Amino acid sequence: MTKLSARMVALGTAKSEIREAFAFAQARAAEVGPENVDDFSIGNPSVPAPASVGELVHRLVDTVDPVQLHGYTPAQGDPSARQALAEDLNRRYGTDYDGDCFYLTAGAAGALCCALSALSCPGDQFITFSPYFPEYKVFVESAGAELVAVPADITDFQIDFAAFQAAITPQTKGVIINSPNNPTGVVYSQATVRRLAQVLEEKSAQYGHAIWLLSDEPYREIVYSDQPLPWVPSYYTNTLVCYSYSKSLSLPGQRIGYVLVPRQVEDFPLVYAAICGAGRALGYVCAPSLFQLVVAGCAGQTADMEIYRKNRDLFLDSLRAMGYTCAQPDGAFYLFPRTPEPDAHAFCERAKKYDLVLVPGDSFGCPGHVRISYCVPTEQIQRALPKFKKLAEEYGLG
Ligand code: PLP
């Protein structure tokens, strides 16, 4: 028998509760009709990319020499595309980035993998806050480091600073944050980001080495409150931003995003070089060339997010009125209510009886909750609310 990497076999055969829930919904839809199944399992944007994306794709295909358009770009990405992205951020955040601070990647996943590989040395640990995007564990371990999950404060899913400070050790190489958050939808307040920066500065000084902040921001543009989202590098110098156009422009299959390395970070030239080295070692070669130009041409635009806001308002208000407890989700397109019984799997199984498909919070390192992904047509939510009501009644909520 062929000897294979045990780790890769394990990763390739491991069950994903999100995928399983999605597969269940698909199977049930085939059996009883899609109109009878309410699937809230998957975070695939439901709004189309803006028309300007399609128009630009056509224009580029019609006007640019195809050898150039479909060819390799420099590993970091097309220089003019990187410059356009820098100028867009500078306009919005009053920063002074230039194209050479950007390394274009295959989405936020590619960005995180490059950043983690660039930073990781044997024995290093990265802290994140549960609930967290389950792929962090895969990405951190693939980079040869260890993921340490610190439970967030489940009343509002801001950082529990006492638990966080207790978890930082001399081995802590970095911290991964994700705001707006998958799976809670929670946005970190300015106070949270400021305090996080203060703790990291103190601990970096105490241990005599930088503790890096990786800000994973695929949902940066999906925010519902009037409060501006804190621009993390303005609060903490040694920040790397991992960004993606998967959600903001509804382009998840085109695999395009970036790592931003602000020039102010410690050892900027080496850090940027290490990210280029990581991209090389991981075999990315360069980010998809056509979509480098598309996102540069559409910098600052977003898909129409209004439906997400409408869905969030309808879902959140209705669930709370039924007696469910849910932290305030001011961004992304997820709700993360508490389950009325401690076992979220048992709750999800009960929900399945109504063909209501949800994902247990255990998948995100936070039992006792479910993730509800509301990037779906509003009619699906309207149709599903009576099912949530019946479930609430089964548990005597309200
Ligand atoms: N980070 C978070 C928190 C996510 O939710 C996702 C995707 O859902 C990603 C990273 C990866 O996104 P992509 O690689 O499509 O940009």
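Where is Ser250 found? Ser250 sits in the loop between β7 and β8, and that loop is a handy way into this structure, which is a predicted model. Across the whole structure, a search turns up 22 aromatic pairs and 0 disulfides.

- Ser250 is not a glycine, yet its phi is positive, at about 55°.
- Ser250 is buried, because its relative accessible area is 12% and the cut-off for buried is under 20%.
- Gln254 belongs to the loop between β7 (239-244) and β8 (257-260) too.
- Gln254 comes out as partly exposed, with 34% relative accessible area.
- If you want a sense of span, take Gln254 and Leu391: they are 137 residues apart along the chain, and 38 Å separates their C-alpha atoms.

**Another positive phi**

- Ala332 also has a positive phi, near 55°, and it is a residue other than glycine.
- Look for Ala332 in the loop between α12 (306-322) and β9.
- Ala332 is buried, with a relative accessible area of 0%.

- Pro131 itself is in the loop between β3 (125-130) and α7 (135-142).
- Pro183 falls in the loop between β5 (172-177) and α9 (190-207).

**Aromatic rings**

- A pair of aromatic rings is described by two things, the distance of the centres and the angle of the planes.
- The whole-structure search gives 22 aromatic pairs.
- Take Phe133 and Tyr136: the ring centres are 5.7 Å apart and the planes are at 80°, so this pair is edge-to-face.
- Phe133 is partly exposed at 28% relative accessible area, whereas Tyr136 counts as buried, with 1% relative accessibility.
- Phe336 and Phe364 also make an edge-to-face pair, because their planes are at 90°, with 6.3 Å between the ring centres.
- That pair links distant parts of the chain, 28 residues apart: Phe336 is in the loop between β9 (334-335) and α13 (344-352), and Phe364 is in the loop between β11 (359-360) and β12 (370-373).
- Both Phe336 and Phe364 are buried.
- Phe40, Phe315, Tyr324 and Phe388 come together in one aromatic cluster.

**Charges over rings**

- Arg350 lies over the face of Tyr395, and the distance to the ring centre is 4.5 Å.
- Lys352 does likewise with Phe24, lying over the ring face at 4.6 Å from the centre.

**Around the ligand**

- Tyr219 uses its side chain instead, placing a polar atom 2.7 Å from a ligand oxygen atom.
- Arg255 also has a side-chain N or O atom at 2.7 Å from an oxygen atom of the ligand.
- On its own the ligand has 400 Å² of accessible area, and the protein covers 91% of that.

**Cysteines**

- How many disulfides does a search of the whole structure find? The count is 0.
- Cys101 is in no disulfide, and the nearest cysteine sulfur, in Cys276, is 12 Å away.
- Cys101 is buried, with 0% relative accessible area.
- Cys121 counts as partly exposed, at 38% relative accessibility.

How values were computed. Residues numbered from 1 in each chain as written. Predicted model: local features only at pLDDT ≥ 70, side-chain atom pairs only at ≥ 80, totals over all residues. Heavy atoms only, no water. Phe/Tyr/Trp six-rings, centres within 6.5 Å; stacked < 30°, edge-to-face > 60°. Buried < 20%, exposed > 50% of the residue type's maximum accessible area, 1.4 Å probe, protein only. Helix = DSSP H or I, 4+ residues; strand = E, 2+ residues; numbered from the N terminus. Lys NZ or Arg CZ within 6 Å of the ring centre and 35° of its normal. Polar contact = N/O pair within 3.5 Å; in protein donor to acceptor, adjacent residues only side chain to side chain. Areas by Shrake-Rupley, 256 points an atom, 1.4 Å probe, with all protein chains shown as cover. Disulfide = S-S within 2.5 Å.
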